[in-house]
Amino acid sequence: MKIFVPGRLCLFGEHTDWAGGYRSQNPQLGQGYTLLVGTNQGIYADVKPHPTNLIIKTILPDGSYQNLDLPMHQETLLKQAQKGGFFSYAAGVAYQILNHYPVAGLEVVNYLTDLPIKKGLSSSAAICVLIARAFNQIYNLNLSRRQEMEFAYLGEITTPSQCGRMDQACAFGNQPIAMIFDGNDTQVIELKVPKDLYFVIVDLAADKNTQVILKQLNQCYPFAKNELQRNVQTFLGKISPTITQAAISALQTGDAEKLGILMKQAQADFDQYLIPACREELTAPVLHQLLNYPPIQDYIYGGKGVGSQGDGTAQFIVNNIESQAQMIDIINRNFPQMQCLKLTIYSQKINPSTNI
């Protein structure tokens with residue numbers, strides 16, 4: 001069968017998933033709130049059962065293959081997962097599935113990937129969800145999407161990756177969802193929009209170090225030791241959740257202009273409270289140059305950073321489908337090194353992360 005899993009765009013609430021997780025150690029912290037949607041781009045694969053092995057074949061842009069071939073043994077899969085790298089994610093999920101179900105192997109041919117890698121769009125989580133869904137459907141495990149997300153998350157944290165739980169929201173496809181994080185508990189709320197909403201995602205073609213960002217922000221938890229750390233906790237536990245809850249309401253009424261205003265507010269507050277905790281990464285001159293670039297302002301309602309922020313990826317909500325095309329044309333002409341992706345949140349529920 002064929003499976004497609006999109007990337008994940010965090011519209012609002014970045015970093016609050018792991019920050020809300022610290023409530024299990026410090027109940028005085030606020031809950032985390034995120035607003036998420038699957039991208040229109042993702043990872044495509046043909047999958048079928050294999051009697052003994054986990055086989056992954058990825059077709060590279062030049063037409064060559066990158067291959068993994070491992071026996072479905074727990075120790076072997078765990079060792080591969082802990083090594084890190086592209087194939088570690090598949091091995092980590094296979095290891096977790098094998099710990100719970102008597103499955104045989106899997107052969108996966110990843111014949112197309114149109115999702116930018118390492119750009120804050122959860123490409124690694126998409127791989128993990130794809131493998132979990134492949135095992136689920138090939139071996140009729142009857143896992144719900146929430147359970148697929150859980151196995152994908154457990155698989156990813158078996159690797160050196162320290163992702164938060166929101167990354168696996170790509171399991172819900174193009175449907176927007178809200179996630180609430182309270183210690184070890186996660187709540188998922190499925191959302192709908194009354195009319196199509198149009199976005200542009202821009203790979204800034206610059207440098208960022210997510211590990212440094214996460215390391216320095218996590219130093220502010222679970223208990224703040226100074227004003228800088230209190231400011232980080234205030235933003236992630238109070239200010240950001242308030243903005244995200246307003247954005248959830250705006251999205252459900254199809255108010256694109258309000259979403260744009262909230263994006264601008266979220267970015268301004270993020271900069272005020274979080275940049276001092278990680279100036280070398282979060283100052284993000286390329287991101288801020290594009291957010292404030294005069295020629296695009298007539299076409300957008302607002303914009304902000306993506307994922308861990310920094311100079312990785314920017315997102316904009318635009319006025320309409322024509323503005324979407326015009327903005328991409330402007331960026332392509334004036335910033336040819338950057339890559340633009342279209343994102344449309346459709347008014348009718350579209351879930352491309354199932355069989356196609």
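**Exercise 1. Find the strand that holds D203, and decide whether this residue is buried or exposed.**

Step 1: D203 sits in strand β8, which covers residues 197–203. Helices (H or I, at least four residues) and strands (E, at least two) are DSSP runs, numbered from the N terminus.

Step 2: The relative accessible area of D203 is 12%, so this residue is buried. Buried means under 20% relative accessible area, exposed over 50%, and partly exposed in between, with a 1.4 Å probe and protein chains only.

Step 3: Look at what the side chain does: that of D203 reaches the backbone nitrogen of A205 at 2.9 Å.

A word on the model itself: it is predicted, so local features need pLDDT of at least 70 and side-chain atom pairs count only at pLDDT 80 or more, while totals for chains, interfaces and linings use all residues. Residues are numbered from 1 along each chain as its sequence is written, and side-chain values use heavy atoms, with hydrogens and water left out.

**Exercise 2. Say how confident the predictor is, and where pLDDT stays under 50.**

Step 1: pLDDT is the predictor's confidence in each residue, from 0 to 100. The protein averages 92, and 96% of the residues score at least 70.

Step 2: Residues 350–356 are where pLDDT stays under 50. For this stretch the model has 29 contacts (heavy atoms within 4.5 Å) beyond four places in sequence.

**Exercise 3. Describe the surroundings of H288.**

Step 1: H288 belongs to helix α10, residues 285–291. With a relative accessible area of 18%, H288 is buried.

Step 2: Its side chain reaches the backbone oxygen of T283 at 3.1 Å.

Step 3: Leaving aside neighbours within four places in sequence, H288 touches Q267, D271, L282 and T283.

**Exercise 4. Describe the second largest pocket and its lining.**

Step 1: The volume of the second largest pocket is about 370 Å³. Of its 19 lining residues, D17, W18, G21, Y153 and C163 are the closest to its centre. On a 1 Å grid over the protein atoms alone, a pocket is an open set of points with protein on both sides within 12 Å along at least five of seven lines, whereas a cavity is a set where a 1.4 Å probe fits but cannot get out; lining residues have an atom within 4 Å of a point. Grid points are joined across faces, edges and corners, and a volume is the space filled by probe spheres set on the points.

Step 2: The largest share of this pocket's lining, three residues, comes from α1.

Step 3: Now turn to G164, in the loop between α5 and β6. G164 is buried, with a relative accessible area of 13%. Beyond its neighbours within four places in sequence, G164 is in contact with D17 and Y153.

Note on methods: A polar contact is a pair of N or O atoms within 3.5 Å; within protein, one must be able to donate a hydrogen and the other to accept it, and residues adjacent in sequence count only if both atoms are side-chain atoms.
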